[in-house]
Amino acid sequence: MTTLSGVKKQESGLFDVYPRFDVTPTRAEGVYVYDQNEKKYLDLYGGHGVMSIGHSHPEYIAKVSHQLKQIGFYSNSVMMPIQEEFAEKLTSLSGYTDHQLFFCNSGAEANENGLKLASFHTGKTKVIAFRGSFHGRTAAALNVTDNARLSAPLNKNNFEVVFLDLNDESALIEALKEKDVSAVIVEGVQGVGGLDAPSDGFLNFISRACKEHEALLIMDEVQSGYGRTGRFFAHQHANVSADIICMAKGMGNGFPIGGLLIAPHINATPGMLGTTFGGNHLACAAGIAVLNTIKEESLIENVEHVSEFLITELKALTTIKKIKGRGLMLGVEFDYPVKELRSKLLYDFQIFTGGSANPNLLRILPPLNITIEEIKPFVQALKKVL
Ligand code: PLP
């Protein structure tokens, strides 16, 4: 097994997914995880931006435990009022009250289904995506991901994708002009790529251009959605409405849930999309607890509040080159690789941070209910280390 500090450990039978932090969490609460020796770590990464309402939130525990005692799972072949409750809460909190909701289990699956649905709807196959994008590892999602190293030989003969620079309006129009494009897919803020984002103006431009050229706008809000940037979806900063919105990470606060919001003009008929596990009772209970908490604890407002504080503090540190991203989806960029800094933060200060494709960037994705007091040790640690 490869650890973040480069240590190789032999453990038979386990696939080496990612380099691992040399930490073994055994319990977690709020913005903290604790190892087997009760050593406390500040979680500014939330396991890849998954922890929206924090670890072991009491409402989450109560709702999921209660549901498990009633009925944990049944498939989409029976009536499930709990799905309707989830859909009503999600569409109303996100403002997408006229969209349909389809449940699945992960971010890649959401994008896979979004791309497929766009193609069903338009009858076309070409897709426009952006440099630096990451949309997942299933076939279609991987095909629109800007990382050839992740593709196997069988992924090579897939549908045509045109990769453009973010915010390049003329290249977008050029790529759309034949009217043979099914969809434009873009992240609200790029996560894995390193926190670059479409400008609000560019999102408006894409939205208008898609309508004009009969293509659909798919917003990948898998990481940037669910309040993370200070709006329910990052693209809502730009006041645009997307045709398909793909979601996952924060939806279940650790329970694997993904979903698609589908605009009413898209003729999504039964059979186009399907799932065994998507929208099961337990997933819905977890998802409802997340939405209730986001609303009751005004977490989207909290994101803006804590973000403002953090950005102001970070801007005062002159060794930081640039602060990227929005809300509590931030990239702290330096002139040099941050591998050593991340290790120091983790092992000397007990603070989890994330990396990205940009080796010089720290990725910060704390739970949305983190307080200013809780995030201060990060700033203090940076001041000591830099
Ligand atoms: N889309 C974005 C923007 C992501 O950040 C990710 C994962 O990091 C995915 C899609 C894929 O999600 P999953 O790992 O749940 O398949």
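Trainee: What strand order does the open sheet of three strands have?

Mentor: Quick caveat: this is a predicted model, where local features need pLDDT of at least 70, side-chain atom pairs count only at pLDDT 80 or more, and totals for chains, interfaces and linings use all residues. Residues are numbered from 1 along each chain as its sequence is written. Strands here are DSSP E runs of at least two residues, numbered from the N terminus, and two of them pair if DSSP finds at least two bridges between them. The pairing in this open sheet is antiparallel, and the order is 11-12-14.

Trainee: Which residue in strand 14 stands opposite G331?

Mentor: Strand 12 (residues 329–333) and strand 14 run antiparallel, joined by four bridges. E333 has L361 as its bridge partner in strand 14. Opposite G331 you'll find R363.

Trainee: Which residues of strand 14 are buried on each side?

Mentor: In a regular strand, side chains alternate between the two faces of the sheet. Buried means 20 or more other C-beta atoms, placed from the backbone, within 10 Å of a residue's own. Both faces of strand 14 are covered, with L361 and R363 buried on one side, and L362 and I364 on the other.

Technical notes: A residue is buried if 20 or more other C-beta atoms lie within 10 Å of its own, exposed if 12 or fewer, and partly exposed in between; C-beta atoms are placed from the backbone.
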